[in-house]
Amino acid sequence: MLTALLSGDRPRSRVLSLLLLAILVGLALAPFLFPGVRSVETAARICVFIVLVASYDLLLGYTGIVSFAHTMFFGCGAYGVAIAVENMERGWTPVLLGTVAGALLAAALAFAIALFSLRVRAIFFAMITLAVASAVAVLVSQMSGLTGGEDGMTLRIPRALTPAFRFAEGDILGVRADGRLLNYYLVFLASLLLFLLLLRVVNSPFGRVLQAIRENDFRAEAIGYRVVLYRIVATCLSAVVASLAGSLYALWLRYVGPDTSLSFEIMLDVLFMTVIGGMGTIYGAAIGATLFVLAQNYLQTLMGTAAGALAGVPLLPVLLDPNRWLLWLGVLFVLSVYFFPSGIVGRLRAGRG
């Protein structure tokens, strides 16, 4: 059953299996193991970014397409839910309609971009996606009447997902039985299903063709595969999954704005997570997203604690100043690329980690 659930793609490394199991258990029990607002926020962010990075890996790692438009698709889902909720009665209907509309819009945009630009070389496709994503971000900022502009939009999500809703009397293992808990498990379960769906896709005959195209597109075309068609389908599928991740993120945050869904910084984060985890390995998305989000949220605090503990030591407290956390995050990224050139998953699968 486990083999079927993983689509026959087992981790193939004992250390990797333990890491993935620890991440799964940690995320599944996060509200009970780490009962704090910040820790649950971090867990929900990890869930969403695992899906977002896995969908990007379908493009970059499995198909060999470099795209800078992934946050645009992410934003389609987030703004789809936000606009539907803003203009309809509060409830589940606008959430579902907004999610579907965002996914359809993302698929349409991906189809249009892919149809007109996938015939060119990879670097030109990357530039085209960057230009389109930048144009969409500017458009969203200027259409303040519809999107809230730079201020963004606050969502009136279904009451069953808010802290005001209680589905049981008392607490569950010390945790309030409220809508916030339901909201977290909605994000977790949906993210898990989307992750398993992507795992199934890359291990299907369709996924094998994508890998063949990545390795040698001329040879793949020579033996009869319609390379452009496969690339278009992969781009649309990746965009739809990224859009669904955006919808989940909007529901969790109850807010949508350019900084949370369309900024280029998110695109860079996704690239970093993909490289750290390992391109061409869906499991790399889980490892990369978890490590990167944890570093983003706790490295500054950890450095502050270390600087305080080393107050009497020359130079070290200055180097470990919490305000320098971005510098150390960059150093950690460089070291991870140096010691894990094929990503953490690639290194562990090769039996050297």
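Predicted model: local features only at pLDDT ≥ 70, side-chain atom pairs only at ≥ 80, totals over all residues.
Arg349 and Asp9 form a salt bridge in which the closest N and O atoms lie 3.2 Å apart. This pair ties together distant parts of the chain, since Arg349 sits in helix H18 (residues 343–349) whereas Asp9 belongs to the loop between helix H1 (2–5) and helix H2 (14–28), a separation of 340 residues.

**Salt bridges**

- The count of salt bridges in the model comes to seven, and the pair of Arg349 and Asp9 is one of them.
- Asp9 counts as buried, because its relative accessibility is 6%, which falls under the 20% that marks a buried residue.
- Glu41 and Arg180 also meet through their side chains in a salt bridge, with 2.5 Å from N to O; here too distant parts of the chain are linked, with Glu41 in helix H4 (residues 37–60) and Arg180 in helix H9 (residues 179–202), 139 residues apart.
- Glu41 has a relative accessibility of 28% and therefore counts as partly exposed.
- A further salt bridge joins Glu215 to Arg214, and the closest N and O atoms of this pair are 2.9 Å apart.
- Glu215 counts as exposed at 59% relative accessibility, whereas Arg214, at 31%, counts as partly exposed.
- Through salt bridges that share partners, Asp9, Arg12 and Arg349 are joined into one network.

**Nonpolar surface patch**

- Leu21, Leu24, Val25, Leu29, Leu33 and Phe34 make up a nonpolar patch on the surface, and together they have about 510 Å² of accessible area.
- Helix H2 gives the most to this nonpolar patch, contributing three residues.
- Leu33, another member of the patch, is found in helix H3 (residues 30–33), and with a relative accessible area of 46% Leu33 is partly exposed.

**Cysteines**

- The structure holds zero disulfides, and Cys76 accordingly takes part in none, the nearest cysteine sulfur being that of Cys236 at 12 Å.
- Seen from the other partner, the closest cysteine sulfur to that of Cys236 is in Cys76, and the two are too far apart for a bond because 12 Å lies between them, whereas a disulfide needs the sulfur atoms within 2.5 Å.
- Cys76 counts as buried at 9% relative accessibility, and Cys236 is likewise buried, with a relative accessible area of 15%.

**Helix H17**

- Within H17, the residues Trp325, Leu329, Phe333 and Ser336 are buried, and because they cover an arc of only 85 degrees around the axis, they lie on the same side of the helix.
- Leu327, Val334 and Tyr338, by contrast, are exposed on the other side of H17.

Notes:
Residues numbered from 1 in each chain as written. Heavy atoms only, no water. Salt bridge = Lys/Arg side-chain N within 4 Å of Asp/Glu carboxyl O. Helix = DSSP H or I, 4+ residues; strand = E, 2+ residues; numbered from the N terminus. Buried < 20%, exposed > 50% of the residue type's maximum accessible area, 1.4 Å probe, protein only. Patch = residues over 30% accessible without salt bridge, like charges linked within 9 Å, V, L, I, M, F, W, Y side chains within 5 Å. Areas by Shrake-Rupley, 256 points an atom, 1.4 Å probe, with all protein chains shown as cover. Arc of directions from axis to C-beta.
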